[in-house]
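Here is a friendly briefing on charged side chains and how they pair up. Have a look at the sequence and the model, then read on.

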Amino acid sequence: MDSANSPAILVVEDERRIARLIELELEHVGFAVTIAGDGETGLRLALAQDFEVILLDLMLPGLGGIEVCKALREHKRTPIIMLTARDRTEDKVSGLDAGADDYITKPFATEELLARVRAALRKGVSRQELKLADLIILPEQRRAIRAGVMLELTTREFDLLHFLMRHADKVVSRESILRQVWGYDFEGETNVVDVYIRYLRMKVDEPFESPLIHTIRGVGYVLRKP
């Protein structure tokens with residue numbers, strides 16, 4: 001993989017042996033890895049550069065992992081996986097409350113670490129601006145704009161539109177929409193999807209010339225360019 005196009009990962013870990021092991025494993029599968037041996041250096045690098053994922057040790061000399069995480073969250077939403085040798089619930093909760101997206105307990109299997117990194121990458125992508133034709137979705141701000149016009153959407157309408165946008169050009173079934181947007185424990189009828197699609201069309205399509213939401217009879221719905 002071309003290193004210029006490899007996903008960039010920052011590893012903030014003071015134990016050199018562990019840091020080197022993580023670096024080798026990540027580089028082996030195609031990531032570009034930067035190592036920081038203390039919290040101050042890690043925070044400076046994280047603020048100065050754009051990384052797809054940050055692996056952050058909880059116990060660091062000087063500026064600890066919790067402090068680094070809190071300081072970083074004031075400026076960036078880069079996915080953070082906390083590395084901790086402690087298996088106590090309090091430590092995990094502290095990391096998550098500080099803004100971490102996930103945690104992994106040492107010692108960990110390489111396969112688990114790589115799986116957590118891939119999941120964090122997917123989460124990071126879901127935060128990025130999404131664009132289709134003249135429709136733009138800003139997930140972090142939970143805003144949708146079409147042709148320069150801010151769309152006034154309810155929470156559920158936004159979640160539904162965001163789901164359709166993340167699967168743009170792919171037909172999604174009503175059942176899939178229910179599971180992902182309403183949740184696995186939803187006990188209502190699938191026609192609630194049709195109702196909310198109708199609400200979305202009134203706001204996303206009808207005021208504009210070209211419809212983006214299309215019905216695939218007998219299957220479901222798809223968001224695609226006119």
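**Salt bridges in this predicted model**

R174 and D194 form a salt bridge, with their closest N and O atoms 2.8 Å apart. R174 sits in helix α7 (residues 174–182) and D194 in helix α8, so this pair links distant parts of the chain, 20 residues apart. A salt bridge here means a side-chain nitrogen of Lys or Arg within 4 Å of a carboxyl oxygen of Asp or Glu. By this rule the count comes to twelve salt bridges.

**Where the numbers come from**

- The model is predicted, so local features need pLDDT of at least 70 and side-chain atom pairs count only at pLDDT 80 or more, while totals for chains, interfaces and linings use all residues.
- Residues are numbered from 1 along each chain as its sequence is written, and side-chain values use heavy atoms, leaving out hydrogens and water.

**A strand and a helix**

- D102 and R116 meet through their side chains in a salt bridge (3.0 Å, N to O).
- D102 lies in strand β5 (residues 102–105) and R116 in helix α5 (residues 110–126), so the pair ties together parts that are 14 residues apart in sequence.
- Helices (H or I, at least four residues) and strands (E, at least two) are DSSP runs, numbered from the N terminus.

**Buried or partly exposed**

- Buried means under 20% relative accessible area, exposed over 50%, and partly exposed in between (1.4 Å probe, protein chains only).
- D194 is partly exposed, at 23%.
- E157 is buried, at 5%.

**A network**

- Salt bridges link E13, D57 and K106 in a network.
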